[in-house]
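Please read the points below alongside the sequence and the structure. They are meant for someone meeting this entry for the first time.

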Amino acid sequence: MEQLDERKEIILNAIIQNYLETGEPVGSRTISKSYLNLSSATIRNEMADLEELGYIVQPHTSAGRIPTDMGYRFYVDHLMAEKDKEVTQMQEIMFEKTGKMEKLLKQVVKVLANNTQYASMILAPSVQSNKVKFVQISNVDDNHVLSVVVMEGNLVRNRVIEVDKPLDNETMLKLNMLLNTNLNGLTVNEINLSLISNMKEQAGIHEEIVEQVLQSVADTIKEEEDLEVYTSGATNIFKYPELSDSEKAKDLINAFEEKQPLADFIAETNSESDETGIQVYIGNDSSIKTMKDCSVVTATYELGEGVKGTIGIIGPKRMDYENVLNNLKNLKTQLESVVKSEDVVEPGS
């Protein structure tokens, strides 16, 4: 295929997108009104060139143009290349950010434990809204298709889907449009049975691909439910007589080592937090039985795009609440600002 200049590419893309939406031949006036700030005469000249090059065809006299197989091929190749690049960039950014975030969170819990002389914990950030940003499917070989689902917060899920026969470019394009038109911007709760049924019906013989993509969305959410908890200062518990009883201390240390009860508990605080994002649980307020003799203070931090996490401090009921609240507010603010600036620095410095 001959390399097209930028204007011809824009016009070809506009013709294909309009034709995919309407199923009707596309005229120069439609392109001029909807897509470009160019005169109809200029667009007609460019369309004539595209037709001569084999990218579009005029089905009958006085009609607009429709894409040829060659036009579809150009559109799909460029679309897929653009999406592949976007997904790769997102994955690289997320790998880098994940490493930085883990280091930062481990620093935060140490600072909290040192500053308060209590035990501290932090729940790694997770995506609360779980919205679909976009979906891309592309051919791997004759019997396999790669599905890439990108969720809000730039969570990426890949899945290789087995197919009976190769998918041609037009089918691939229509499936990508079907998936993105119906799923983009939706949370998992908004993807209901009616929507799924309608998408499968539109997909026809390729309904299995739609089902597998939807499973990728569900898997992404499920993967996020396995949340990471970082802890520090558990041995500070022994400094307080009311908690240093061998049995009580053992139970508390076990809770820190197992971590899952902590994750379940502090995950609940995200939905309960007030405007300041801080909650105080005294004694029986906590759902963790081994912490009935403790106070737990938590703060929710937000990193944008529905991404939230929770910081927590555990100590005796007679803890220095003012000091604890000040530390939580300061570190919450620092954590949010550090992530936004993408500079990982020592918290509390």
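Are Tyr 118 and Tyr 240 buried or exposed? Tyr 118 is buried, and Tyr 240 is buried as well. Buried means under 20% relative accessible area, exposed over 50%, and partly exposed in between (1.4 Å probe, protein chains only).

1. Basis. This is a predicted model, in which local features need pLDDT of at least 70 and side-chain atom pairs count only at pLDDT 80 or more, while totals for chains, interfaces and linings use all residues. Residues are numbered from 1 along each chain as its sequence is written, and side-chain values use heavy atoms, with hydrogens and water left out.

2. Overall make-up. The protein has ten helices and ten strands; helices (H or I, at least four residues) and strands (E, at least two) are DSSP runs, numbered from the N terminus. Of the 349 residues, 44% are buried. Among contacts (heavy atoms within 4.5 Å) with a separation of 6 or more, 62% are between residues 24 or more positions apart.

3. Aromatic pairs. There are two in the structure. Rings of Phe, Tyr and Trp (its six-membered ring) pair if their centres lie within 6.5 Å; planes under 30 degrees apart count as stacked, over 60 as edge-to-face and the rest as tilted. Tyr 55 and Phe 74 are edge-to-face because their planes stand at 80°, with ring centres 5.6 Å apart. Tyr 55 sits in the loop between helix H3 (40-53) and strand E1 (56-57), and Phe 74 in helix H4 (residues 69-116). Tyr 55 is buried at a relative accessible area of 0%, and Phe 74 is buried at 3%. The rings of Tyr 118 and Tyr 240 also have centres 5.6 Å apart, but the planes are at 40°, so this pair is tilted. It ties together parts 122 residues apart in sequence, because Tyr 118 lies in the loop between H4 and strand E3 (119-127) and Tyr 240 in the loop between strand E7 (229-232) and helix H8 (246-258).

4. Salt bridges. The whole structure holds eight, each a side-chain nitrogen of Lys or Arg within 4 Å of a carboxyl oxygen of Asp or Glu. One of them joins Glu 46 to Arg 7, with the closest N and O atoms 2.9 Å apart. Glu 46 is in helix H3 and Arg 7 in helix H1 (residues 6-22), 39 residues apart. Glu 46 is buried at 6% relative accessible area, whereas Arg 7 is partly exposed at 38%.
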